[in-house]
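My notes are below, in the order I took them.

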Amino acid sequence: MTAQTLPSATRLIRTRAPRRRGRGSAARLVFGIPYAVLTTALAIIFLYPLIWTAVSSVAPRAGTSQPEGWGLGNYAALADYQAGIWVYLGNSTFVAVVTVLLTLVVSTFGGYAFARFSFPGKNLLFLTVLAILMVPYATLLIPLYVILSAVGLSNSLVGVAIVLTMFQLPFSMFMMRISFESVPRELDEAAMVDGATTFGALRRVLIPAVKPGLITVGMFAFLAAWNDFMAPLILITDTNRMTLPLAVSNLRVQVQGVIDYGATEAGVVVLALPCVVLFLVLQRHYVRGFMSGAFKG
């Protein structure tokens, strides 16, 4: 290329560059509008039932604890039901916290073992753990009730938490295994070269690296334990030990089969509020936890 053609080529590049940017902006605009419309429509579809329930729980309705005017009469009826809402909230919180702690501890050690160690029958054992997902949930509750009765954990919130942990372990173990496998082995090997033990490398190096996976597992365990209805229904017989979903279900039908919609809607709002807040706070870690296995180093 001669010296005379260089300025012409430079002018040609400069004149074409804005056109490329213009085309890119036009493409983003063309594809961005349908995307925005679709996501907005989906958000409205998913949020409408929650908003409708929240509004209905304080709206006046005949046959409820809020017959006239807007107020918190339905929440007052929910608070005064049998042992009181604070007892049932405490029961649900206890079950959820114990389930989360047990799930995190067992799935962390299990996922670390499956990801970092080789031992006979490793894959077969891992498939056996995942096979629990293929067993219908309700079919195991009666045998589990018999086992819990034999060990003195029937009608116990601890027994409910243990059962819920068992059903959370297959997904949690899978999640933690792929989280540990996404972390390069050089990190824990370097920690061991510096004098750290296997447990020390796990605690100081690997656990901080798989924090999004831990948060995802913990959030799933909390949501499952907080909203579960079937296990407390089968395993709990004392009304003072009922969890909140079971209490709201019993509150739903009052005298002569009349459904108290107002108190039921108030109970649904109380049940949904911790889940919504937890998801909004941990959303970023939740997405990163699901993506952790997509970029294996």
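**Entry 1: the fold.** I am working from a predicted model. I looked up the secondary structure and found 12 helices and zero strands in the protein chain. I then checked burial: 36% of the 297 residues are buried. For contacts with a separation of 6 or more, I noted that 73% join residues 24 or more positions apart. The accessible surface comes to about 17300 Å². Carbon and sulfur atoms account for 70% of that surface.

**Entry 2: the cores.** Which residues touch the most other members of the largest nonpolar core? I got L78, V95, V160, V163, W226 and L244, out of 36 residues in that core. I listed the helices that each supply at least two residues: α3, α5 (141–150), α6, α9 (211–227), α10 (230–235), α11 (244–252) and α12 (261–291). The largest share, seven residues, comes from α3. I also found a second, separate core of 11 residues, which includes Y112, F180, V183 and V217. As background, nonpolar side chains tend to be buried together in soluble globular proteins.

Leaving out residues up to four places away in sequence, L244 touches I85, Y88, L89, S92, W226, V270 and L271.

**Entry 3: R116.** I went to helix α3, residues 85–116, where R116 is found. Is R116 buried or exposed? R116 is buried, because its relative accessible area is 10%, below the 20% cut-off. What does its side chain reach? I found the backbone oxygen of F180 at 3.1 Å. I also found the backbone oxygen of V183 at 2.9 Å. Both F180 and V183 are on my list for the second core. Beyond four places in sequence, R116 touches F180, E181, V183, P184, R185, D188 and L206.

**Entry 4: the salt bridge.** How many salt bridges does the structure hold? I counted one. The side chains of R177 and E181 meet in it, at 3.1 Å from N to O. Side chains of opposite charge can pair when their charged atoms come close. R177 and E181 are four residues apart in helix α6 (residues 157–181), so about one helical turn separates them. I checked both for burial. R177 is buried, with a relative accessible area of 13%. E181 is partly exposed, at 24%. I note that E181 is also one of the residues R116 touches.

Methods
Residues are numbered from 1 along each chain as its sequence is written. This is a predicted model: local features need pLDDT of at least 70, side-chain atom pairs count only at pLDDT 80 or more; totals for chains, interfaces and linings use all residues. Side-chain values use heavy atoms; hydrogens and water are left out. Buried means under 20% relative accessible area, exposed over 50%, partly exposed in between (1.4 Å probe, protein chains only). A polar contact is a pair of N or O atoms within 3.5 Å; within protein, one must be able to donate a hydrogen and the other to accept it, and residues adjacent in sequence count only if both atoms are side-chain atoms. Contact means heavy atoms within 4.5 Å. A salt bridge is a side-chain nitrogen of Lys or Arg within 4 Å of a carboxyl oxygen of Asp or Glu. A nonpolar core is a set of buried Ala, Val, Leu, Ile, Met, Phe, Trp, Tyr and Cys residues joined through side-chain atoms within 4.5 Å. Accessible areas come from the Shrake-Rupley method with a 1.4 Å probe; for residues, only the protein chains shown count as cover.
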